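Here are some friendly notes to read alongside the model. Please keep the 3D view open and find each residue as you go.

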Amino acid sequence: MTTPRPQPLRRLPLLRQAIKIRRQRAKGLQETLPQTDQEMETPSHHFSPEEQALLYEEALYTVLHRVGRPEPKHVAEAAELLSYLQEAFHMKPEIHQQLLQKVQDLEKPLFCLKVTVKQAKGILGKDVSGYSDPYCLLGIIEQGVGTTEDSSGSHRRRQKAVVKNTIPEDQTHRTQVISQTLSPVWDETFFLEFEDISSANFHLDMWDADQVESVRQKLGELTDLHGLRRIFKEARKDKGQDDFLGNVVLKLQDLRCREDQWYPLEPRTETYPDRGQCHLQFLLIHKRRATTASRTHPSYTVHRHLLQQLVSHEVTQHQAGSTSWDGELSPQASTILFLHATQKDLSEFHQSMAQWLAYSRLYQSLEFPGSCLLHPITAIEYQWIQGRLNPEQREELAVSFNSLLTYGLSLIRRFRSIFPLSASGSPARLQSLLRVLIQMCKMKAFGELCPDGAPLSSLVAEVLRTGTLEWFHLKQQHHQPMVQDMQEMGKAVLSLVLDVTGDLQQCQRTWNKIFSNTLKIDLFSMAFLELQKLVAQRVEEHLAAVGSVVSPEMGESLFQLYLSLKELYQLVPPPPERDRSLDLDGFHKWFLPAIPAWLLKTYSVALARLQRAVQMDQLVPLGELIKHSTSAVDLSTCFAQISHTARQLAWPDPEVAFMITVKFVEDTCKLALVYCSLIKARAKELSVNQDQAQAANMLCVVVNDMEQLRLVVLRLPTQLSWQDLEQWAGAVLEPEQLQHTLHAQLQGALAGLDHEIRSGVRTLAEQLEAGISRHIQRIVSESAVPEDAILPLMRFLESELHYMNRNLVQENFNSLLSLLWTHTLSVLTQTAAAQRSSPVTSLKLKTALQNLEFCFYAEGCGLSPEALHIPLLQDLQRKLELQASSSQELIQRYFSNRIQQQADTSSEEFGAITIKASYRLSEQKLRIEVLSASNLLPLDSNGTSDPFVQLTLEPRHEFTEVAPRETQKFKKELHPLFDEAFEFLVSPESCQKEGNCLLLTVLDHDTLGKDDLEGEAFLPLSAVLQLSGDNQPGQVPQTRLPLTYPASNGDPILQLLDIRKSDREAQAFVKLRRQRAKQAERLGQ
């Protein structure tokens, strides 16, 4: 019989033998299968003892009458297979031996080789056209007929027409003739009987059918010289004689039960060794079996029962070993089932159907992967032709579909208990079940055999809804309290809501993905809508029983219930996935009567915890890095718990939410001030009978605790989300209301804390200020060099500040440093004012100030540069810089200031003088050309002046050898043209020194009294040195200098020089400069 193929091939009329075989096979497929296995009506997989005995007989018969070489992965030893069968059927040894002997006594089966000649390729072209008209003759020769070996055994003698000449005609089978091809396709099946496989050989001869044609016809087909040669060759042979194309000879004992491959066509001579290949399929089958099951039951039914028995054993064995069966049969089971299906010549379709019926029944009673059902589903779908099945088989298949569908829906309805997430692999098992149901419902067989069923997605959605309701009522009964007490009832409702929330979270995370991806069912939305309605009804009933007056104990229970409902409501699906309002909408309003109890409970718990924390605190730092004590940690935890409670409430109504936040802030600030009072009282209590150092330690800890408290209070706006609250409540509340409540409370609490912290730090600072003042006075009184004089002060600060730094947090330590720094600068300023006349003492103070700045900076660990460089420091630095300078240095600084004043002056209010200045480096000579003066002030009574210019190199202690010079005097002239040149012998080093300058003093000559001052101009020598070179006089640029007056309000440098009465140089300089200042002052009047 021709086996079914996935793609239809071209079929030609078959010969008589093949037609006979096909008709017999088709008749066998139409036989009615008797319905003897009544257990098909139930999901049980067990057989009765009689049925099991018949099935065991069938399995033993299959093993004992095995033919063909074993498959690569199959078991070869019959003893091993028999032992496996005994174990799989739970047969006792004596019963096994009885049945084995009974089977051995049965008549042997009729062995048959089922051969399918598929096609050939690359065969020889025997016709003049270059093609052939091939056909095959095939049969079986036993006892070596038709083949001989020569004495040497070097090669098999090739024979022509082995089948045609040796096998009787009634045992010879012939394919149809395929015309004009070199790649014929037959796809014909034949059954060849044999008795002894060890002596049986399969023979196939391929021939080219020769038809009688005229020479004219043959010449018409001629295409090349080879064709002409074939015409001459055919002329020599008998008319109608077929040409030999090749043959295939195989020993049956070398074949496996199933073979499917290409075999080379052997030649009879060496003329054409490559004659092509032939594709053959072999199946070693039993045509007649002596077992009762084979005689009374259809083959696929027996095979299904055997498969069911072996799979049941495999699953049970894995379960006994605490492992799950993965769908892979053992080698023994695979071998037995393969042999049985092959011997019974079961088609792939009937094997798949048997596997489906067995697996679908076992799946309902044993635990194994649903994926095992996918293979038979796919196989049945691929080969489905309804006409192959008789009515009983169709009914049997339909029943299996409905049974598995009903069973699968029952599992889906109870998926929460059947597939718990606590068991590993549950989601995969559920997904596997859904895939099986989906694939089954998509089958053509299911659609034709079960046409009236509803869509699978609708069935699954309905059982999911029903299962969800059943699960809720089951949970409600489970949590029903034994005693009808209000507290117990509250606990029961809370547990129920928690279970619902947990179930919905599991649906959202796990189950919804499975149902959505497979069936497009939104399980989560469906479950949420059903469960929230039931939960809302139950909670409202409970709150109605509680009433409007809420006790503290009941308030705690209601708070937990509120939080659980809030968590449940946060799972609400987006609006597009729900088409109506929810029963839980606005659930927070149900809890309004409980809010006062919640707030009071929160404050009471925090206050009690705070009091316990302070009472147990020993005011000892927690460590080197953590410098506050245990109570500060507990207080931070209390505040964090209050903030956590506020976040948990997250009241949806803005007005109520604002009032709740105000209350929380008020309670927090109240707790902060209570803590300050308690911790100070605790420090006072512990300081009794303690020395000053221990009391200072405790004071440091108290200050650190307050600082830690201040940081905690500062975090309140963030922890309570003030910004979001203000934006949210801004629509219903005025901005002033927000500012006058929340912010005012916070600022008041912070102000109180800052005051307490500053008070503590001030107390610590006062203990150190006296020591600092004492050591600064010692610097003044000691006669040591500045570096040695400040050592006691530095040692004192190092010791005390190191102690404070170790015991104070950084913020408080910086505050202490800032206070001490301000105090130190004040003491130094007072001391410096008292020692203005002593450069030596001022130098000590200057050195001390420099070291103190480094000390308080502490390489970045102390005060910041901004905190150090306050105006008080800068003023003190300027004063000490001047006081510590010598008289000559002060004079030098004075001229530097006048040079800067000259540079900053652009106004010619007092006139100007024009000069040329150059320096010859080779001669070390300074050349000054006084060209003119202009816009001089009239100092005489006649409205004019008698001007002249005095040239002096300043300061005088730098140019003691250089005498002053004067220009000629002009009478009654306000714009004199002097045009005079002067040269001064000056070294380059003197020109480079800061403050060295040329002083140009313009005077009004007075014959009877002192000359009057017209003005002064200062030319820095460093600027002249930059113009040095060999320039000719005409190339030197002119310099115009505005005339200036000395300051009349007193110069600090002159004041310092004035108090140095013992320094003649200083006194002479001050005298001269004050004369100039008086002249300028009179001129200004």
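The points below go from the whole chain to single side chains.

1. **Before you start.** This is a predicted model, in which local features need pLDDT of at least 70 and side-chain atom pairs count only at pLDDT 80 or more, while totals for chains, interfaces and linings use all residues. Residues are numbered from 1 along each chain as its sequence is written, and side-chain values use heavy atoms, with hydrogens and water left out.

2. **The whole chain.** You will find 38 helices and 16 strands here; these are DSSP runs numbered from the N terminus, with helices (H or I) of at least four residues and strands (E) of at least two. Of the 1085 residues, 49% are buried. Buried means under 20% relative accessible area, exposed over 50%, and partly exposed in between, with a 1.4 Å probe and protein chains only.

3. **Helix α34.** Residues 887–904 form this helix of 18 residues, which reaches 26 Å from its first C-alpha to its last, close to the 26 Å expected at 1.5 Å a residue. The expected span is 1.5 Å times one less than the number of residues. Its buried residues include L890, I891, Y894 and F895.

4. **The start of α37.** D1051 caps the N-terminal end of α37, with a side-chain oxygen 2.8 Å from the backbone nitrogen of I1053. Within this helix (residues 1052–1059), I1053 is one of the buried residues.

5. **A threonine in a loop.** Where does T172 lie? T172 is in the loop between α5 (162–166) and β3 (173–174), and T172 is buried at a relative accessible area of 10%. The side chain of T172 reaches the backbone oxygen of P168 at 2.8 Å, and a polar atom of that side chain lies 3.4 Å from the backbone oxygen of I167.

6. **Aromatic pairs.** The whole structure holds 27 aromatic pairs: rings of Phe, Tyr and Trp (its six-membered ring) with centres within 6.5 Å, called stacked if the planes are under 30 degrees apart, edge-to-face if over 60 and tilted for the rest. W207 and F244 have ring centres 5.3 Å apart and planes at 75 degrees, so this pair is edge-to-face. W207 is in strand β5 (residues 200–208) and F244 in strand β6 (residues 243–251), so the pair ties together parts 37 residues apart in sequence.

7. **A charge over a ring.** The charged end of K121 sits over the ring of W262, 4.2 Å from its centre. Here the test is NZ of Lys or CZ of Arg within 6 Å of the ring centre and within 35 degrees of the ring normal.

Definitions and conventions. Polar contact = N/O pair within 3.5 Å; in protein donor to acceptor, adjacent residues only side chain to side chain.
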